[in-house]
Every structure is written in structure tokens, then in C-alpha cells.
Amino acid sequence: MLGQQFINGVMLGSVYAMVAVALTLSIGVLNFLNFSIPGLFMIAGMATWALIHAGVAWPLAILGALAITAAVSLVVERFTWRWLRGAEPFVPLVSSMAFLLLFEHLAIAWWGSEMRVLPSLFAGTDWRVAGFVIGVPQLVGLAVSIASIFGLSLLLKRTSMGRSLRTIAEDSDTALLLGVDVNRLVPVVFALAGLFAALAGVLFALNYRQVQPFMGEAVGLKGISAMIVGGMGSTWGAIAGGLVIGITEVLSVGYVGANFVDIAVFGLLLLILFVRPTGLFAGLPAGRGGI
Amino acid sequence: MSGYLEGILVLLAVNVVFAYGAFLPVAAGQLNLGLAGFAAIGAYASAYLSNTYAIDPILAILLGGIAAGAVALIVAVPVLRTRGIYLALATFAVGQIVQAALLNLEVVGGAAGYPVTAFIRLPTIAAFAAGVVVLVALLFATRFGIAVTAVHDDERVADLMGLNTRAFQVAAFTLGSVIAGIGGGLYAHHFSFIEAQYFNIGLSITIVLYVLLGGTQTVLGPLLGAAVFTLLPELLRGSANWRYVHFAAAVIILMALRPQGLLTAAQIRRLLGLDRAALSRERAA
Amino acid sequence: MTNPQPILRLDRITKRFGGMTAIDDLSFTVRRGSRTALIGPNGAGKTTVFNLVTGAVPVDAGQIFVDGRDLTQMPSRKRVRHGLARSFQNVRLMPHLTAIENVMVGQHCHNGGLFGVLQPVNLWPGNRWRAAARAALCESGLEQYAAATVKNLPYGVQKRLEVVRAMMAQPRLLLLDEPAAGLNSAETEALQVLLGRICSSSDVTLLVVEHDMHFVGALCDAVVVLDFGRKIAEGSPAEVRADPRVQEIYLGTTIAEPVERCHVARSA
Ligand SMILES: Nc1ncnc2c1ncn2[C@@H]1O[C@H](COP(=O)(O)OP(=O)(O)OP(=O)(O)O)[C@@H](O)[C@H]1O
Ligand SMILES: [Mg+2]
């Protein structure tokens with residue numbers, strides 16, 4: 001029982017980790033808390049459902065959902081980042097919140113507010129290992145999230161674009177002096193963040209087979225928590241944070257009330273922000289990217 | 001007056017009060033994303049006082065505001081040590097904790113919500129809202145207004161000029177929470193029923209949006225923002241869902257076109273002819 | 001002038017940024033009532049000296065005495081009350097305040113308690129503090145800008161506003177960081193008039209960082225020369241001009257002429 005819940009927690013945590021990576025990318029590079037990411041997560045999940053529902057083959061539906069979400073993220077970039085540089089520092093943040101609201105209510109207008117159920121694509125493929133049930137999509141999900149985060153950190157470390165991104169993260173003024181074309185790279189950050197949020201949304205949809213327009217909020221809160229626990233701006237911290245939050249959630253819901261969990265989780269977050277703002281795993285200075 | 005109209009005007013007045021609660025910290029350069037939590041403290045504390053001790057609701061609402069301010073003062077000192085995104089997230093966490101705590105507090109109904117027996121009508125609420133606007137406007141006509149703006153504009157220089165920047169930030173945060181608490185009390189005593197779910201992060205965000213849309217540089221900005229964005233959706237009619245869509249789209253477009261908000265201090269000075277007088281005198285010289 | 005104690009004394013100050021030593025075992029004094037220039041090439045550490053004296057950055061070693069009082073450990077916010085005020089190399093007025101409100105920020109150290117904070121300075125046109133700020137603007141010839149938003153004002157006006165703001169703190173030592181940099185000749189002249197009036201109407205001591213040697217020659221009666229965070233010369237403008245190390249830094253160029261002008265300017 002406990003072991004099974006641990007496994008479920010890891011699966012949930014891998015979704016949180018991807019959302020946290022999306023958040024941490026834009027904080028690490030742009031110092032921008034992008035609240036539209038939970039909305040992008042929802043768009044990906046809803047689009048997966050809608051495409052499959054419309055009869056599109058599931059691999060194509062997944063690709064379609066990823067592409068749509070990344071494109072939407074670029075629209076968000078237009079309106080939150082590009083136009084608003086130099087305004088009151090929290091104006092982009094507030095605009096991104098408006099995008100979350102917009103996405104949710106457009107989704108309701110489009111698809112209705114009820115819970116939508118995806119068909120079971122992988123029925124009967126569950127593995128039974130030593131008495132534990134492990135679903136194939138769960139396993140694939142975990143593998144995909146670890147692989148994609150690994151890929152991201154390779155991208156950031158090895159490619160010249162990654163080096164430019166890290167220069168911006170450390171000091172955007174210096175980056176300008178060094179001739180890094182910030183305007184060209186910012187959309188890349190948004191596209192990557194959108195892609196991670198979308199991957200998380202697709203995995204969530206396939207694993208839990210339920211989507212609805214407000215599905216992003218709870219996951220977004222958990223993603224933010226995972227990011228703080230792991231240390232803002234750190235990709236590997238996001239994985240660790242996601243797993244910690246996912247496992248804690250699954251384990252604690254069974255034993256204490258869900259509301260007490262909220263008090264504990266947010267109390268813990270507050271404590272981390274006060275005493276160790278760099279997160280439990282990373283050792284990087286506040287506000288700076290450590291990708 | 002029809003019940004519908006009274007309901008809208010009450011909501012307008014309550015939103016104006018909330019908006020000033022968010023405005024004070026924003027004017028000092030801080031984003032309070034936990035404002036709904038302080039509104040909830042004011043709502044529940046005042047409702048508990050008027051329900052249990054049969055206190056006059058007006059007194060209960062004021063005491064509720066003080067309770068919210070007291071909690072704010074306690075959390076302000078550690079929370080305001082953080083900056084920027086960390087501050088936004090810390091206030092956000094505080095709001096979530098308050099909400100979760102109220103959901104578990106059985107004396108005030110827990111998750112089932114809390115009925116409020118005492119009832120106040122539009123005139124009382126409107127008087128409160130007018131009082132808040134006037135008091136904040138007066139406050140910003142004192143040296144406090146200059147000091148808070150100075151802290152907002154350039155904290156380092158303000159410090160070198162001898163301003164106790166932390167004290168001003170704590171004061172703005174606490175006073176804003178008192179006002180939010182009063183707004184919560186007003187809401188509770190008109191709608192006769194409160195539940196913790198109402199005071200969620202969405203409420204905090206909406207209130208902050210009112211302020212940023214109206215303009216953060218002048219005391220009239222929050223009034224305009226709250227008024228426009230409470231009344232406009234009513235005029236547009238349509239389903240609640242489409243109202244949200246319009247509201248969100250309006251926020252995005254407005255922020256893109258006018259990131260400083262609808263009203264700015266410079267604009268008001270221009271309207272009053274102050275800048276023009278300066279310019280013409282300059283040309284004459 | 002009878003008080004022989006220097007208004008400012010730096011005693012073996014050192015400041016490092018990372019591995020780089022910006023100020024290296026620096027000592028000098030500023031005579032009360034003098035108009036001292038702090039000069040040196042770019043990156044010599046002049047602004048850093050101002051930051052250390054005002055407490056904007058902490059010292060790594062050494063002591064700072066203002067008017068005989070050790071301010072080394074005092075928080076930056078409290079130092080202004082001990083007679084220190086400064087302007088900034090890049091204008092740092094508050095963009096969302098009007099000119100007169102910016103000037104009133106300078107009064108804060110004398111009017112900061114609860115009672116002071118609640119002074120209705122923007123409500124009562126006749127408020128004592130507002131009237132004082134307006135008078136200061138008048139004296140500096142800036143009255144017509146009182147209600148203007150500062151970010152729209154000409155650079156020279158902004159620079160002078162910074163000086164007026166600093167003077168509102170009624171300092172005994174006024175630190176000016178490149179007040180004439182970026183000004184055209186008319187603006188420089190207006191600034192010179194303002195500084196001349198300040199010096200004649202109060203007993204404030206000036207410590208001025210300036211690259212414009214004409215300006216230094218016309219205004220100052222003592223010079224401290226910094227290079228790589230160390231003092232390499234000190235004395236009257238004439239003495240400094242004669243110093244071979246200073247000539248080496250300045251390639252024997254600009255210093256000669258302004259010292260001549262200095263006498264002209266002061267006899268005029
Ligand atoms: N806060 C800081 N952090 C890191 N390095 C600094 C800091 N402040 C100054 N420095 C460095 O210290 C050195 C001295 O700088 P400072 O600004 O004092 O020079 P300056 O004499 O005022 O030059 P300029 O004439 O260009 O204004 C420079 O190399 C500068 O890069
Ligand atoms: Mg300098």
C-alpha cells in the first residue's frame with residue numbers, strides 16, 4: 001500500500017517537475033514569474049482530449065497539442081514580455097495572470113466547463129511488479145519528463161544558444177554588452193517553457209484521463225511549490241522539488257486531511273522563502289538563474 | 001432601488017475598498033498577492049464578533065480590520081525581508097495559509113461556510129468606501145505619500161536621504177491589510193454568508209489588477225480601476241464566462257498599451273494645467 | 001572656522017569588490033569650510049569613496065570620521081543626520097515625484113517622526129516645509145519647475161535639483177559626484193552660480209568629484225588625487241598641478257590652465 005502510493009507519488013511528481021521546469025526557465029533567464037504556464041498546461045491537456053475526441057490518431061494528437069501550446073506561449077511572450085519591458089516590474093506578471101484567466105474562460109466557452117474523459121488508450125498494459133501496479137503511460141511519463149529535462153540541461157550547457165541564455169540569466173546588461181541578441185532568445189525561452197508545460201499537460205491527460213478548464217490551477221500551485229523547494233532557476237532542483245511535492249501529497253492525503261496538507265505545504269514554502277530562498281537543493285544566489 | 005442595482009453598487013463599494021488595500025503596498029513597490037487572506041481575516045473576525053457578542057456591525061467591521069492589520073504586522077517583518085518574486089510568492093503563501101486555516105476552523109463553520117446574522121445596507125457600505133478613499137487621499141497628501149513614492153522609485157537613494165525604508169514598507173503593507181480586512185467585513189455583513197473558498201488567490205489577483213489597471217501613481221487610480229472593471233462587465237451583460245474573457249482581454253490589451261495604468265500623476269497635473277503653466281513660464285524666461 | 005577638526009577624515013580605508021581592490025589603504029582629510037576636489041582617472045575609486053562615506057557600501061577596513069565622529073559602523077540611513085548629504089553621478093531623482101516633492105524628500109531627516117510624516121505638505125500650500133522647499137527652489141532659480149514631473153526636465157535642471165535636494169538636509173559636508181558632467185556650457189554656468197551661492201550663504205564644506213578641470217579650478221581650493229584606489233597627491237590646486245605623478249596621469253595636459261582661471265574666478 002505504502003509502496004504503491006510512493007510509486008503514484010513519483011508519477012504525479014514528474015508532472016509537477018515539468019511544470020516547475022517551465023516556471024523556473026522563465027524565472028531563471030528572465031526573472032519573470034509566468035502565471036500563464038498553468039493555463040498552457042490546461043490548453044495542452046484539453047487539446048489532447050479534443051483532438052482524440054475528434055478522431056485524430058493519438059500520436060498526432062499529442063504532437064498537435066504540443067505545437068498549439070508552444071504557439072500560444074509565443075503569443076503570451078508578445079504581450080507580457082516584449083511590450084512591457086521597462087514598466088512597473090510586476091506588470092508582466094500581472095499580464096500573465098490575465099492570460100491564465102483568459103485561457104480558462106475561453107476553454108469554457110469552447111468546450112464547456114464539465115470534466116472530459118479521455119478514452120483508455122493503454123488498457124490492459126499495466127505491469128505488475130512485485131505486487132505493485134505500474135501503468136505504461138505512467139512509466140513513459142516519468143521517462144519522458146526525466147529525458148526532456150536532461151535534454152534541456154544539455155541544451156543549456158553544450159550549445160551556443162544555451163550559453164547565451166545562461167549569460168542573460170546571470171546578468172542581462174552584460175549579455176547585451178557581449179552582443180547576445182536578447183530579443184531573439186526571449187521567444188526561445190517562452191517556446192521552451194510552453195513546451196514543458198505542454199508535455200506536462202499531455203502526460204497528465206493520458207495518465208489521469210480527465211481534463212477540464214481549471215485543471216491548471218492546482219497543478220500550477222504545486223509546480224510553484226516544487227520550484228521553490230528545488231530552488232528558483234534550477235532545472236534539476238525542479239525535478240527534485242516536483243518529486244518531493246508529489247510524494248508528500250499522495251502520502252499525506254491518505255493520512256491527514258487535504259486542508260491540513262495545504263497549511264503544512266504553504267507553511268513549509270514560507271519557511272523556505274525566509275531561511276533558504278535558494279531552495280533546498282540549489283546553492284545559487286537569489287533571483288539569478290542557475291540553469 | 002432594485003435589489004440588483006443595490007447588489008452591484010455594494011460590490012462596487014467593496015471592490016473600491018479592496019483596491020485601496022492593494023494600492024498601499026503597490027505604492028511602496030510591493031505586490032501583495034495574499035490580500036484575499038487579509039480580507040478573509042477581516043470578514044471572519046468581524047462576523048464572529050457580531051454573531052457571538054452581538055456587537056454593532058460597524059464596530060465589528062473596524063475591529064475586523066484591526067485584526068487583519070495585526071496579522072499583517074506579524075508577518076510583514078519576515079515577509080518583507082524578501083524581494084521581488086520572492087515577496088510575491090511569500091505573500092501568496094500567506095494568503096493560502098490563511099484560507100486553508102479558515103477551512104479548518106470549526107468555530108466559524110470550516111468548509112461549510114459561516115452565516116452572518118447582522119446586516120448592513122448600501123448607504124453604510126458606501127460611506128465606508130468613501131471614508132477609505134478620502135483617508136487614503138489625505139494620507140497621500142502628507143509627507144507619508146512622498147516618502148512611500150520615494151521608497152517605490154529608488155529604495156537605495158531614499159535610504160541615503162534618511163528614510164527608514166523598511167518602516168514605510170511595513171506601514172504600507174499593514175495599513176493596506178487593515179483596509180482589506182474592513183472590505184472583508186463589509187462583504188460579510190451584506191451578503192450574510194461567507195466561505196473561505198471565496199477568498200482565494202483569484203480574488204487577490206483581481207484586486208491587484210484593478211489597481212494596476214487604474215494606475216499606481218495616483219490615489220485616484222484604484223478608484224477608477226475598481227469602478228471601471230466592476231461596472232463595465234455589468235454593462236456588457238453576456239454570461240459570467242464571457243465577462244471573464246472580456247475582463248482578461250481588456251487587462252492584457254491595456255497593460256500592453258498603457259503599462260502605467262489608466263491614470264498617471266503627470267496626466268492629472270496636465271489636466272489641472274500645472275505642467276503647462278511651468279512650461280509657458282519657462283518659455284517666457 | 002575656529003574649529004580645527006577636519007570635517008571629514010578617512011583613516012586607512014580599504015574596499016574590495018570580489019578580487020579587485022577598489023580603495024586601497026586610503027587616508028585623507030577634508031578641511032572644514034574648504035571646497036575640495038576629488039579627482040582621478042575613470043575607475044580610480046572616487047564614487048566608491050562617496051559610497052563608503054555615506055554608507056551605501058560597507059568598508060572592509062579602516063575608519064571614517066565626520067566632524068570628529070566615527071561613522072564607520074553607522075547604518076547609511078542615519079548618517080544624513082550627522083551632516084552628510086550627496087548627489088549622484090547618474091541623476092537619481094524620484095521619477096514619480098514632482099520637482100518640489102523631490103526637494104522635500106531631502107527634508108526627511110529633519111521631519112521624519114510620526115508627526116513629521118503626517119505633515120500635510122501637499123494639502124496646505126502654506127505648509128512650513130513646503131514653503132521652505134519652494135524658497136530653496138526660488139533661490140536656485142528653479143521655481144518654475146516646482147510642479148513639473150522630473151523625468152521630463154532638462155538634464156541640467158535635474159542635476160541642479162539634486163543639489164537643492166541634498167541641501168535641504170542642511171548638511172555640513174556636501175558630496176557632489178560629477179555635478180557638471182553632461183551639462184552644456186550654459187547649464188554648467190547655472191550650476192556654478194548655484195554652488196557659489198551655496199558656499200557664500202552657508203558654512204557647508206564641499207567635496208566634489210569632477211573631471212572638468214576648468215570647473216575644479218574655478219570652484220575648489222584643495223585637491224585630492226586618486227589613482228587605483230590610492231591617494232597619489234594632495235594639496236592646493238597649484239601644488240597638485242606641479243606634482244609629477246599627477247602630470248604623468250594627466251599627460252601634462254589639462255591642469256595648467258584652469259588653475260590660472262581659478263584666481264580670475266574668485267577675484268571676480
Ligand atoms: N558595487 C560595485 N561592485 C563591484 N565593483 C564596483 C562597485 N562599485 C565600484 N566598483 C568598481 O570599483 C572601481 C572604482 O569604481 P568607481 O565607480 O569608484 O570609480 P570612479 O573613480 O567613480 O570612476 P568614474 O570616473 O568612471 O566615475 C571600478 O573598477 C568599478 O568597476
Ligand atoms: Mg564615479
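Trainee: Let me pick a residue, then. Is His190(B) buried or exposed?

Mentor: Keep in mind that this is a predicted model. His190(B) has a relative accessible area of 10%, and the cut-off for buried is under 20%, so His190(B) is buried.

Trainee: Where in chain B is His190(B) found?

Mentor: In helix 8 of chain B, which covers residues 165–191.

Trainee: And what does His190(B) touch?

Mentor: Leaving out residues up to four places away in sequence, His190(B) touches Glu6(B), Val10(B), Phe119(B), Ile120(B), Arg121(B) and Ile125(B).

Trainee: Now the interfaces. How many residues does the contact of chain B and chain A take from each?

Mentor: It takes 41 residues from chain B and 41 residues from chain A. The area buried between the two chains is about 3,600 Å², and carbon and sulfur atoms give 82% of that. On the chain B side, Ile85(B), Tyr86(B) and Ile252(B) lose the most area to chain A, together 19% of what that side buries.

Trainee: Which helices of chain B supply residues there?

Mentor: Helix 3 (57–79), helix 4 (84–103), helix 9 (201–214) and helix 11 (240–257) of chain B each supply at least two residues of the side that touches chain A.

Trainee: OK, over to chain C. How much area do chain B and chain C bury between them?

Mentor: About 3,200 Å², with 62% of it on carbon and sulfur atoms. Arg143(B), Leu160(B) and Met161(B) supply 26% of the area that chain B buries against chain C, more than any other three residues. The contact takes 32 residues from chain B and 37 residues from chain C.

Trainee: How many residue pairs are in polar contact between chain B and chain C?

Mentor: Twelve residue pairs. There is also one salt bridge across this interface. In it, the side chains of Arg92(C) and Asp154(B) meet at 2.9 Å, N to O.

Trainee: Which helix of chain B gives the most to the side that touches chain C?

Mentor: Helices that each supply at least two residues to that side of chain B include helix 5, helix 6 (143–153) and helix 13 (274–284). Helix 6 gives the most, with eight residues.

Trainee: Something else: which residues make the nonpolar surface patch of about 520 Å²?

Mentor: Val134(B), Leu135(B) and Leu138(B) from chain B, with Leu123(C) and Trp124(C) from chain C. Leu135(B) lies in helix 5 of chain B, residues 122–140.

Trainee: Why does Leu135(B) count as exposed?

Mentor: Because its relative accessibility is 59%, and exposed means over 50%.

Trainee: Back to salt bridges. How many does the structure hold over all chains?

Mentor: It holds 14. Side chains of opposite charge can pair when their charged atoms come close. One of the pairs is Glu249(A) with Lys222(A), the closest N and O atoms being 3.5 Å apart. Glu249(A) is in helix 10 (residues 235–255) and Lys222(A) in helix 9 (residues 215–230) of chain A, so the pair ties together parts that are 27 residues apart in sequence. Lys222(A) counts as buried at 18% relative accessibility.

Trainee: What about chain C: which residue forms a salt bridge with Arg32(C)?

Mentor: Asp67(C), with the closest N and O atoms 2.5 Å apart. This pair links distant parts of the chain, 35 residues apart: Asp67(C) sits in the loop between strand 4 (61–66) and strand 5 (69–70), and Arg32(C) in the loop between strand 2 (20–30) and strand 3 (35–39). Arg32(C) is buried, at a relative accessible area of 16%.

Trainee: Which residues of chain C are linked in a network of salt bridges?

Mentor: Lys15(C), Arg16(C) and Asp60(C).

Technical notes: Residues numbered from 1 in each chain as written. Chains lettered and ligands numbered in written order. Predicted model: local features only at pLDDT ≥ 70, side-chain atom pairs only at ≥ 80, totals over all residues. Heavy atoms only, no water. Patch = residues over 30% accessible without salt bridge, like charges linked within 9 Å, V, L, I, M, F, W, Y side chains within 5 Å. Areas by Shrake-Rupley, 256 points an atom, 1.4 Å probe, with all protein chains shown as cover. Salt bridge = Lys/Arg side-chain N within 4 Å of Asp/Glu carboxyl O. Helix = DSSP H or I, 4+ residues; strand = E, 2+ residues; numbered from the N terminus. Buried < 20%, exposed > 50% of the residue type's maximum accessible area, 1.4 Å probe, protein only. Contact = heavy atoms within 4.5 Å. Buried area = accessible area lost by both parts, 1.4 Å probe. Polar contact = N/O pair within 3.5 Å; in protein donor to acceptor, adjacent residues only side chain to side chain.
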